[in-house]
Amino acid sequence: MATYSEDHPDFTNADRGFVGTITPAAITDASGTVIFDADALSFAAGDAPASVHPSLWRQAKLTGRHGLYEVAPGFYQVRGFDISNMTLVEGDTGVVVIDPLVSAETAAAGLALYREHRGDRPVTAVVYTHAHIDHFGGVLGVVDASTDVPIVAPEHFLEHAVSENVYAGVAMLRRGYYYDGHPLDASPSGSVGIGLGPRASAGTVGLLPPTLDITATGQEETLDGIRFVFQLTPNTESPAEMNFFFPDHRVLCMAENATHNMHNLLTLRGAQVRDSRIWSRYLAEAVELFAHDSDVVFSSHHWPTWGTDAIIGFLTEQRDLYAYMHDQTLRLMNQGHTGSEIAETLQTPSSLEDAWSTHGYYGSLSHNVKAIFQRYLGWYDGNPAHLWEHTPENKASRYVELLGGVDQVVAAVRRYADAGDLRFAAELGSHAVFAEPGNAEAREALATVLETLGLGAENATWRNCYLTGAYELRGGEPTGFVSASGMASALTTTQLFDTLAIRLDGAKAAGTTASIRWELTDSAEAYRMELSNSALVHFPTKRDDPADVTVRLTRPQLLALFGTGALEGLDTSGDASVLPTLLGLTDEPDPMFNVVEP
């Protein structure tokens, strides 16, 4: 393994092509609230303190850099202005923007920095590499909602952007609050980033739907005079993702399929389990198709790699990493081992461990192995004793009773922690808190264990989860919830109806039936919705079957109805009471539900 010193090529590459940055580096929203501080990781300098794993400290030094960087002639990246990178490629008449960050404010600041140094070039196209919010959420910071420039994305982009960020968005954002370390101060005792980059911004999220779909590997498109050759990579880092090559410039973009760390096969915030087998194969295909003709490769996170041989080596190590995790997990699964057993014993081979870019700063071998097990065999490990377990709260009360009460459990937590068995101490401490959530001794005992686990973690997301758990146990209030509501205008009509259906309280709806015909007057769409057997079913229709109520409205009125429940001004015929009755059977998601306590 190389040393932690800054004479490694990673540090040279992270600084290469620096053009300039902003001072001060705090990016604010319209009200003046700071939504991202690019200087937050500036404390990461010198040797690692005892409170941060030396390897993670090294990664924080690298991801804490920020500004505008030249990647190749006509190719620029804004790095360190959000968790992700925004890339700008100069064309014949303007600039093509690739992956406009999380928030409109950070994307606008990045574009302004680019224009300060490269001139006031118009944005002539936007490319989304994949369907995660940090690669499209800031689009309204680089173009306005009425733009007619091409918006390019892999096929099925909108479907997956909605399923992750809207359907399950509240739960994912709350869990993301933990793995992002949202309430933690950036400091040696708090957040040192997220491994993949600094933490995400907390500004205004939007979405413009794609106007040009990439549907096949080898598809070639010219945007503002720039030739792109695309490689579709579905079910890798995202269910809809693509790499692309610039043949006239010998530049390769690997989206988020090859970054300078081990990635997640199942992110701790939640997502669909990714396919490490196909991920490895698409990396092999990228090497075969593009790497030998590339002088530089960049991704949507971290820093580029220059030189054909270095590019091939980097992509090959990434290829082998995902293949190794997959194949070894399957080998051990087929010998009868469970996911947790495999995660406990499987080690990264030394030949891969020696490469910094394979380290688990964001994903981890432990939870990736469990994700592979889940992908193939699901949550059930095959042991019937685990088939119908109690809920955590009910299980905790029984364990605490067996152990002689909460005071005895807390004493055991401290005993195991003192002996160095922090993992079992955390398990016992969680039982104590779930049995008596108001017990101050139990909360502090568990918080101390979680804090110790966090400060020793190489993985940034594990560190953030542990420290955020400790923060909330000590009375810290969850705040700063980020909403994906800005994406609503891009949803299809079916997706909008889905957002209502998943809010229906099935128990409250029991015994109630209703039918609604929806007529969208500005798009000539007709939908039938039926409340039946506590399910809200909807589908486009060409029939004119009778309904309890017919609602005629425009798409903006539909957005307002689902956003605020506004019923005024709707053109209805039939039983007008059906709509308020239906809305009364829905509930609101809880963006700050408990995680570390019942």
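How many residues does helix 10 have, and what distance does it reach from its first C-alpha to its last?

Analyst: The model is a predicted one, and what follows should be read with that in mind. Helix 10 runs over residues 365–377 and has 13 residues, reaching 18 Å from its first C-alpha to its last, which is close to the 18 Å expected at 1.5 Å a residue. Within helix 10, the buried residues are Leu 365, Ser 366, His 367, Asn 368, Val 369, Ala 371, Ile 372 and Phe 373. The cover over these buried residues includes helix 6 (276–289), helix 7 (308–333), helix 8 (339–345) and helix 15 (460–473). After helix 10 comes Gly 378, which has a positive phi, near 85°.

Turning to the aromatic rings, a search of the whole structure finds 22 aromatic pairs. In one of them, the rings of Tyr 76 and Tyr 114 have centres 5.9 Å apart and planes at 65°, and because an angle over 60 degrees counts as edge-to-face, the pair is edge-to-face. This pair links distant parts of the chain, with Tyr 76 in strand 5 (residues 75–79) and Tyr 114 in helix 3 (residues 104–118), 38 residues apart. Tyr 76 counts as buried at 4% relative accessibility, and Tyr 114 is likewise buried, with a relative accessible area of 0%.

Tyr 128 and Phe 157 form a stacked pair, 4.9 Å from centre to centre and with 20° between the planes. Tyr 128 lies in the loop between strand 8 (123–127) and strand 9 (151–154), whereas Phe 157 belongs to helix 4 (residues 157–167), so the pair ties together parts that are 29 residues apart in sequence. Tyr 128 is buried, its relative accessible area being 0%, and Phe 157 is buried as well, at 1%.

Ring pairs also link Phe 75, Phe 228, Phe 230, Phe 244 and Phe 246 into a cluster. A ring can also meet a charge: the charged end of Arg 79 sits over the ring of Tyr 69, 4.0 Å from its centre.

As for the cysteines, the structure holds 0 disulfides. Cys 253 counts as buried at 1% relative accessibility, while Cys 465 is partly exposed, with a relative accessible area of 23%.

Technical notes
Residues are numbered from 1 along each chain as its sequence is written. This is a predicted model: local features need pLDDT of at least 70, side-chain atom pairs count only at pLDDT 80 or more; totals for chains, interfaces and linings use all residues. Side-chain values use heavy atoms; hydrogens and water are left out. Helices (H or I, at least four residues) and strands (E, at least two) are DSSP runs, numbered from the N terminus. The expected span of a helix is 1.5 Å times one less than its number of residues. Buried means under 20% relative accessible area, exposed over 50%, partly exposed in between (1.4 Å probe, protein chains only). Contact means heavy atoms within 4.5 Å. A disulfide is a pair of cysteine sulfur atoms within 2.5 Å. Rings of Phe, Tyr and Trp (its six-membered ring) pair if their centres lie within 6.5 Å; planes under 30 degrees apart count as stacked, over 60 as edge-to-face and the rest as tilted. A charge sits over a ring if NZ of Lys or CZ of Arg is within 6 Å of the ring centre and within 35 degrees of the ring normal.
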